[in-house]
Amino acid sequence: MAETRTGDPASNPSWFTPKRSRCNSKQCGIQGDFDLSNFQDGVLSSAFMVGLLVASPIFASLAKSHNPFRLIGVGLSFWTFATAGCGSSFDFWSIAIFRMLVGVGEASFVSLAAPFIDDNAPVTQSQGCGLGRIDFFVSSQMGKSLWNCLILWILELGKTAWLAMFYMCIPTGIALGYVYGGFVGDRFNWRYAFWSEAFFMLPFAVLGFVMKPLPLKGFAPAESKSKTVGPETEGPGLSDVNCDVLIGNELMSINASNKASKSQGAFKMCNQLPRFLIDMKMLLLDKVYVVNVLGYVAYNFVIGAYSYWGPKAGYNIYHMSNADMTFGGITIACGIIGTIAGGYILDCMNATIPNAFKLLSVVTILGAIFCFISFCVKSLYGFIALFSVGELLVFATQAPVNYVCLHCVRPSLRPLSMAISTVSIHIFGDVPSAPLVGILQDHVNNWRETTLILTSILFLAAGIWFVGVFLNCEDRFNEECGNQSKQSMATTKPLLEGDEDEIPDNPPEP
């Protein structure tokens, strides 16, 4: 990849041109260095999914017996180690294993990050849809910068808009990854791209262990857990040790205490599986959750196939010279704008589960109409305009669909809810969609018909989410859990709200 590029367009062919498959080892990076087949190269691109899908439910289950904030630190450490390992890999199997471990690290964020944002983001907006400070933009006072006004406006966004900003990082990260990987790979070597990422992530992994952990609603604080475990760990008679006993007896007492602690740890591990199965049963019996995830699966089936086959379909239907850049640019831009807009609109509508289902069904069916029509028109520019509007609408679902996942279950089930949602949309959505659409194309041998059949599945997703409007949608965010005391719930306050109503840590005695 360090080879000097020439100005000849043929030396830098588009992804779907035949010349791409004939690049030499230096141009192919990892594939060339390890002499990988196209199949092996494809396996590397999705190997992280194995770790992600396996580890997501595990992190969600561990959150009930371990501090959730520390688990994010563990995940970041896994991710940092695995990313550095990718840069140090020496063959196909080594980099494949490290790619799986990257998925393990990402799994902690998939299941735990969204609940933390849901707890600490402002509950409601002030003065109408976060526009309470809009006068700063119209007539800013002397000494007030536009940047400060923007910060004030962001801090007034509602909870769903903050969730949208979190999920907006996915298309943003993809875009930056392409730019960063290409820049570092072309000028240095692909290994430096991995090593640099690991180096810059290391401080965040350390902070996950040294920072004071944030409380997560539905889970007991760390100090209360230690108080609860203490007497059980000591066991009967172990706490009343005579100071005048012989050293031998004292050592025996210590050993007995250690054995009791180990037996309790083994009991906790054995108790994880039955607890997980009970929680899974509660999720699967929740009609609101099931309907939401089913709609999400159908939606992700289409989006996954778009991302894989879209450029090739565009190249064959509209004879695009740079189909990969066109589809990539549309997806990234519409993904960022649409995701933020979806969360912002739901906050303006008053964020509730029924309103989320209404927004999901409306934007999805409108987006499906625009995408469907875009593949019917013959003009390239007409296609780009219509498809951009369609993708802008369908990406507005990201914040509402995850809002429903977080609020239709009790607080202690939120990590598992997010984990199972992620597992489901990948296993039943984007993972099988690419090969199934390939089989369909082999059968019909017409990319326009194939894309129209694929896009019609968005109408199914809209219909499933529309069913959710008529369900008994109870917001269970404030439901009290048995393992969290009333006092801890009463003193929990979102980090991003003002300090005027903050409850003091040590209130004055009367």
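Let's start in a loop: F395 sits between α16 (380-394) and α17 (398-407). Those helix labels are DSSP runs, H or I of at least four residues, numbered from the N terminus; strands are E runs of at least two. F395 counts as buried, because its relative accessibility is 10%. Buried means under 20% relative accessible area, exposed means over 50%, and partly exposed is in between, with a 1.4 Å probe and protein chains only. I303 is 92 residues away from F395 along the chain, yet their C-alpha atoms are separated by 9.3 Å.

A word on the source. This is a predicted model, where local features need pLDDT of at least 70, side-chain atom pairs count only at pLDDT 80 or more, and totals for chains, interfaces and linings use all residues. Residues are numbered from 1 along each chain as its sequence is written, and side-chain values use heavy atoms, with hydrogens and water left out.

Now helix α10. It covers residues 190-210.

Look at the N-terminal end of α10. N189 caps it, with a side-chain oxygen 3.0 Å from the backbone nitrogen of R191. That is a polar contact: a pair of N or O atoms within 3.5 Å; within protein, one must be able to donate a hydrogen and the other to accept it, and residues adjacent in sequence count only if both atoms are side-chain atoms.

Move along α10. At M201 there is a kink of about 35°, shortly before the proline P203. The bend is the angle between axes fitted to the seven residues ending there and the seven starting there.

Which side is covered? Buried residues in α10 include W190, F194 and A198. An α-helix has 3.6 residues a turn, so residues three or four places apart point the same way.

Then the surface. L202, F204, V206, L207, F209, V210 and M211 form a nonpolar patch, with about 630 Å² of accessible area together. F209, in helix α10, is partly exposed, at 40% relative accessible area.

Next, α5, residues 68-88. Its 21 residues should span 30 Å, and the end C-alpha atoms are 30 Å apart, which agrees. At its start, a side-chain oxygen of N67 comes within 2.9 Å of the backbone nitrogen of F69.

On to α6, residues 92-120, which holds I95. Is I95 buried or exposed? Buried, at 2% relative accessibility. G85 is ten residues from I95 in sequence, and 7.4 Å away in space, C-alpha to C-alpha.

Helix α9, residues 159-187, contains M165. M165 is partly exposed, at 24% relative accessibility. M165 and I337 are 172 residues apart in sequence, but 9.8 Å apart in space, C-alpha to C-alpha.

In α15, residues 353-374, we find S374. S374 is buried, at 0% relative accessibility. A polar atom of the S374 side chain lies 2.5 Å from the backbone oxygen of C371.

Last, two loops. Most residues other than glycine have a negative phi. H319, not a glycine, has a positive phi of about 55°. H319 lies between α13 (287-318) and α14 (323-348), and is exposed at 65% relative accessible area. N350 also has a positive phi, near 80°. N350 is in the loop between α14 and α15.

Note on methods. The expected span of a helix is 1.5 Å times one less than its number of residues. Patches are made of residues with over 30% relative accessible area and no salt bridge: like charges are joined within 9 Å, nonpolar side chains (Val, Leu, Ile, Met, Phe, Trp, Tyr) within 5 Å. Accessible areas come from the Shrake-Rupley method with a 1.4 Å probe; for residues, only the protein chains shown count as cover. A salt bridge is a side-chain nitrogen of Lys or Arg within 4 Å of a carboxyl oxygen of Asp or Glu.
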